[in-house]
Amino acid sequence: MNLDLLERLNEARAAKRATCLVRFLATEEQVLIVDGAVVAGITPSTDVLDAAAEALRRDRSGMAETSHGSAFLQVFNPPLRLAIVGAVHIAQALAPMAALAGYAVTIVDPRRAFASEARFPGVEIVCEWPDEALEALEPDRRTAVVTLTHDPKIDDPALDVALRGEAFYIAALGSRRTHAGRLGRLRELGHDEAALARIHGPAGLDIGAVSPAEIAISVLAEMTKVLRQGAV
Amino acid sequence: MSLDDTLLDTAAAWKREGRKVAIATVVETWGSSPRPAGSVLLVDDRGHMLGSVSGGCIEGAVVKEAQAVMAGAPPKLLEFGVSNEQAWEVGLACGGRVRVYVEAVR
């Protein structure tokens, strides 16, 4: 590896870009792919770019057979983030669980009584309106956004901003009927059916969850499924 | 950020300081090997090493290859494990197998 390529790799990692270093072990050739574009090394065939994209999606480094021969794909993904909208009881369970699973968690709630340090020790809390908070957060392809308040005043602006970004998982808590009403309001804000289909609602896998902790498990499980296996 | 995340920054910093630097990377594992693909061990020509490619079982052998690579030898793909003759000397006690790619920063 030459120093120039190594420094470009480090720059891409520092900028939190989706980065893949491909080493062709037989020829010693290398290529650095950042956000799907070749930034250093050889010019590879499209199957190499496809393999890199797949490795990034699975978030797993490993060997692959390519048209250039056997290659090692090393994946450097930006950190996972989770924005929880609503500093409610379920959030108290979801925040530590998601942190254990590797997410940098931010709790958003404009209601100061809910968004208190005492209720969420050690968690980053943003006590602002969700549209402003989420615009500042800039959800990317490694970000999940979950709304938990059931309150259209708080949940809707958060979903509105999330749908304009690239978040890999967007979910909203609430019954099927609440969700139908929510979709109607978001439709009026200009979101088409393809956008609305990105929202997982009601949030979480159907595992019969009852308690706040169980609901947090079902949401984290669904988030993990979408992260690892893609949206279904 | 885990310690692993800073290794490649350190590799570039060492190289800029004028050290010779080798990067050893786990590229493939089978069975119960201690470090996943992508794990990195950094070696310089002044006797320093950082990071790991195993639980400490094969680092010695990898450093030896790293020294050869820093001295100008081409990159090398090493394999360690129970099926390997070297297992008797520097094998993995866990019974897994691991492939490590060793290259110099030029």
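Residues are numbered from 1 along each chain as its sequence is written, and chains are lettered from A in the order in which they are written. Because the model is predicted, local features need pLDDT of at least 70 and side-chain atom pairs count only at pLDDT 80 or more, while totals for chains, interfaces and linings use all residues; side-chain values use heavy atoms, with hydrogens and water left out.

The contact (heavy atoms within 4.5 Å) involves 18 residues from chain A and 24 residues from chain B. About 1600 Å² is buried between the two chains, 59% of it on carbon and sulfur atoms, where buried area is the accessible area (1.4 Å probe) that two parts lose on being put together, summed over both. On the side of chain B, the most area is lost to chain A by Leu8(B), Val27(B) and Tyr101(B), which together make up 31% of what that side buries.

Between the chains, 3 salt bridges are counted (a side-chain nitrogen of Lys or Arg within 4 Å of a carboxyl oxygen of Asp or Glu), and one salt bridge pairs the side chains of Arg23(A) and Glu103(B) at 2.7 Å, N to O. The elements giving two or more residues to the side of chain B that touches chain A are α1 (7–16), β1 (21–30) and β5 (97–104) of chain B, with α1(B) giving the most, 6 residues. Helices (H or I, at least four residues) and strands (E, at least two) are DSSP runs, numbered from the N terminus.

The largest pocket has a volume of about 1200 Å³, taken as the space filled by probe spheres set on grid points joined across faces, edges and corners. On a 1 Å grid over the protein atoms alone, a pocket is an open set of points where a 1.4 Å probe fits, with protein on both sides within 12 Å along at least five of seven lines, and lining residues have an atom within 4 Å of a point. The lining comprises 38 residues, of which Asp59(A), Val75(A), Phe76(A), Asn77(A) and Asp5(B) lie nearest the centre of the pocket.

Regarding the backbone, Gly201(A) and Pro202(A) are joined by a cis peptide bond with omega of about -5°, and Pro202(A) lies in the loop between β11 (199–200) and α8 (212–229) of chain A. Glu28(A), in the loop between β1 (19–24) and β2 (29–34) of chain A, has a positive phi near 65°.
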